[in-house]
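Hello! Here is the structure I promised to pass on to you. Have a look at it first, and then read my notes below.

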Amino acid sequence: TMGINLLDCRAPSVGQTCKNIEDRIGEKAGKFVESCNFVSRKLGIPVVNKRISITPISFVGAGFKRDDFVELALSLDRAASSVGVDILGGFSAQVEKGLTQTDREYILSLPEALRVSETVCASINLASSQKGINMDALAMLGPTIKEIAERTAHQGGFGAAKFVVFCNQPGDNPFMAGAIHGVEEADTVLNVGVSGPGVIARSLEKLINSRKGEENSLKLDEIAEEIKQTTFRVTRCGELVGRQVSDMLGVDFGVVDLSLAPTPKVGDSVGEILHILGVDAIGAPGSTAILAMLNDAVKKGGIFASKTVGGLSGAFIPVMEDAVLAEAVGNDDLCLEKLEAMTCVCSVGIDMVAIPGSVDGDTLSAIIADEMALGMVNNKTTAVRIIPVPGKEVGDSVSFGGLFGASPIMAVRN
C-alpha cells in the first residue's frame, strides 16, 4: 500500500483541488503497479493487491461542503483507476475529540460518496484511549451507516462494507478499508500488508501430523513456537518485496503489517486455524483464549522478524471474508456478543458482519459504542465494519463476491 500525502493539494476551488489530487497520485503511483509486478515475478512471491492510502480527506477538504466531498471521492476514484490500483483508502476523518463543521459535512457526504465511487474506502477515527469517545459523532454514525447501506441496496448494502469506524486508528495500516496515510508520515511511504492464515494452518497440520502416535502430546508452547517461526518467515518475505519495490520507486519504506487477514478462499481462514487448535465450534468456550494465543504468537513472530513492524499486526476475524467464521454464524455457533468478546484479544473488531436491514440507526450506534469502549479502555485498536443488509433478515444470506465474501445474516438480539 503506497501512502501519499495530499495536504498541499488543497486549492480555493474543489475543481482545482481534484485536479491537484489526480496529478499528485499519478505522479507518485504511476509506476507503482508495474514495479510490484516486476518484483513479484523476480522473487516468485505474489503481490495480490496493490493499494493506495491518502491523507485523511477531511484535512484536504477543510472548508468544503458535502457535495464537494462527493466530488473529491469521484476524483480519487478516477485517480485510482488511472494508476491501476485495486482499492484506495483514506476518505477519512479524525474526530475522536470534537467535530468541526467540515467533519460534519464529510459525514453527511458518505452515503452518496460511497454510492458513486467504486474503489474508494472510507473510515473515521471516533475514539482514542487518550481522548475518549466522541459521542456526538457516534450519534451521527449509526444512521449514516444505515443510509449508506440503503443507498447501495441494489448491491446488498455493499457501500457499508467500504466504511469502518475506529478507536485508536493507526496511521500506517496498509489493510483496507481502514488504511490512511497519517499526518505524521513522510510525503510518500510504502507499507506492506502480509497475510498468511493458510500458511500457518498448513504448518500446524504438518506439526500435528508429525507427532501422531507419539506418547507425549503437543504442548501449547510448541504450537505457539511453530506459529511464531512461520510468522517470522512470512514477514521476512513481505519485507523483502516491500523494500525492493520502494527502492525501485525511490520512496521511503514504512512498515510491515503482519496480520492474519483471511479471504473467502477455502484454506485461507483464521477460523480453520482455531479448528486445527481444537475449537470444535467457533464461538464455543475456549474460542477467545485460543484466539488470544494465536494473536500473541503472530505479534511476537512479526516483531522478531522486522524492526519496522507496524499497522495492526495480529489476527483478523472478518466474518464475511472468512468462510469458516461465516459457516459458524449459519450454524448459530457464533453470535454478536461472543464475537465482541473475541475482539478484545484480536487485532481489529466487529468486522464485515452482515445484520438485518431492519436494525435501526440508534442500535448501530450502540453496537459501535460498545466496541469503541473496548479499544479505549484496553489501549488497543478496535473497529466496526457492519452491514445492515436492506431487505434481509436472520435466516437469509448475502454475498458481495471476491475478497469481500459472503455470510448468513447475524442476529442482533435484545
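**A pair of strands**

Strand S7 (residues 188-194) runs parallel to S8, and the two pair over 5 bridges; strands pair if DSSP finds at least two bridges between them. Helices (H or I, at least four residues) and strands (E, at least two) are DSSP runs, numbered from the N terminus. Leu190 sits opposite Phe253 in S8. In strand S8 (residues 252-258), 6 of the 7 residues are buried, meaning under 20% relative accessible area, with exposed being over 50% and partly exposed in between (1.4 Å probe, protein chains only).

A word on the source: this is a predicted model, where local features need pLDDT of at least 70, side-chain atom pairs count only at pLDDT 80 or more, and totals for chains, interfaces and linings use all residues. Residues are numbered from 1 along each chain as its sequence is written, and side-chain values use heavy atoms, leaving out hydrogens and water.

Most residues other than glycine have a negative phi, and most peptide bonds are trans. Now for some places to look up:

- Met176 and Ala177 are joined by a cis peptide bond, with omega about 15 degrees. Ala177 is in the loop between strand S6 (163-167) and S7.
- Asn168 also lies in the loop between S6 and S7, and its phi is positive, near 60 degrees.
- Asn379, in the loop between H13 and strand S10 (382-389), has a positive phi of about 55 degrees. Is Asn379 buried or exposed? Asn379 counts as exposed because its relative accessibility is 61%.

Enjoy exploring!
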